[in-house]
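This report examines how side chains pair within one protein chain.

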Amino acid sequence: MQYRIEGETLPVVVCELEIGEKMITEGGSMAWMSPNMKMETTTNGGLGKALGRMFSGEKMFQNIYTATNGSGLIAFASSFPGSIKAFEISAGNEMIFQKRAFLAGESSVKLDIFFNKKVSGGLFGGEGFILQRVSGNGTVFAEFDGHAVEYELAAGQKIVANTGHLAAMSASCTMEVQTVSGAKNILFGGEGIFNTVICGPGKVWLQTMPVEKVANSLLPFLPGTGSGISLDFD
């Protein structure tokens, strides 16, 4: 499988497959494809796997696309202004993604539910108690909100991220929650009550524009929110 990622604000990954090669994705991610791509909708592992994917922010069913009668082409587009990143998955090189990050991958890649062992981190960290774990062997594509910045952390090295900015990390990293110190900082700082602390060793990807923050920024301008501003242009 060969691929190229095109576009900046609203990117798309275009994959070129040899005959018999397969790609998996959730419904709605396919943008365009050659006519010889065959689609099959499946739970891809049974009901238990499907429910796990649902809780991790994906749909219960996945689509498997296979190149038949020669090489094929298929493209997967992002659902929000941001970035598409490619990751090479192998034994000992697994990834943890935020909810809804999985876009598509080779059929040899496995998407599972990942429970944050730090319960407080799951409940209050803004990253979710349930994340996505990607294992197996092959290439996987993830979509992030806004631009993604990559850091490599040494063993014991930490980075503190505001709520929602953690996009992905190596499975060797851990995350927990740190409470913002000082009542004045909490009440008037505008940064919330909790931060997410990621600890190495491993790589971490931080996103610049979490969709939740975009939604909160737009909320005062929506009709019925008390702003007095109407978006009805008719």
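## Disulfides

A disulfide is counted where a pair of cysteine sulfur atoms lies within 2.5 Å, and by this rule the count comes to zero. Cys-173 takes part in no disulfide, the nearest cysteine sulfur being that of Cys-199, 7.7 Å away. Cys-173 is buried, at a relative accessible area of 5%, and Cys-199 is likewise buried, at 16%. Here buried means under 20% relative accessible area, exposed over 50%, and partly exposed in between (1.4 Å probe, protein chains only).

The model is predicted: local features need pLDDT of at least 70, side-chain atom pairs count only at pLDDT 80 or more, and totals for chains, interfaces and linings use all residues. Residues are numbered from 1 along each chain as its sequence is written, and side-chain values use heavy atoms, with hydrogens and water left out.

## Salt bridges

The structure holds four salt bridges, each a side-chain nitrogen of Lys or Arg within 4 Å of a carboxyl oxygen of Asp or Glu. One of them joins Glu-16 to Arg-4 at 3.1 Å, N to O. Glu-16 belongs to strand β2 and Arg-4 to strand β1, 12 residues apart; strands (E, at least two residues) are DSSP runs, numbered from the N terminus. Arg-4, Glu-6 and Glu-16 are linked in a network of salt bridges.

Arg-133 pairs with Glu-94, their closest N and O atoms being 2.6 Å apart. Arg-133 lies in strand β12 and Glu-94 in the loop between β8 and β9, so the pair ties together parts 39 residues apart in sequence. Arg-133 is partly exposed, at 26%.

Key: Helices (H or I, at least four residues) and strands (E, at least two) are DSSP runs, numbered from the N terminus.
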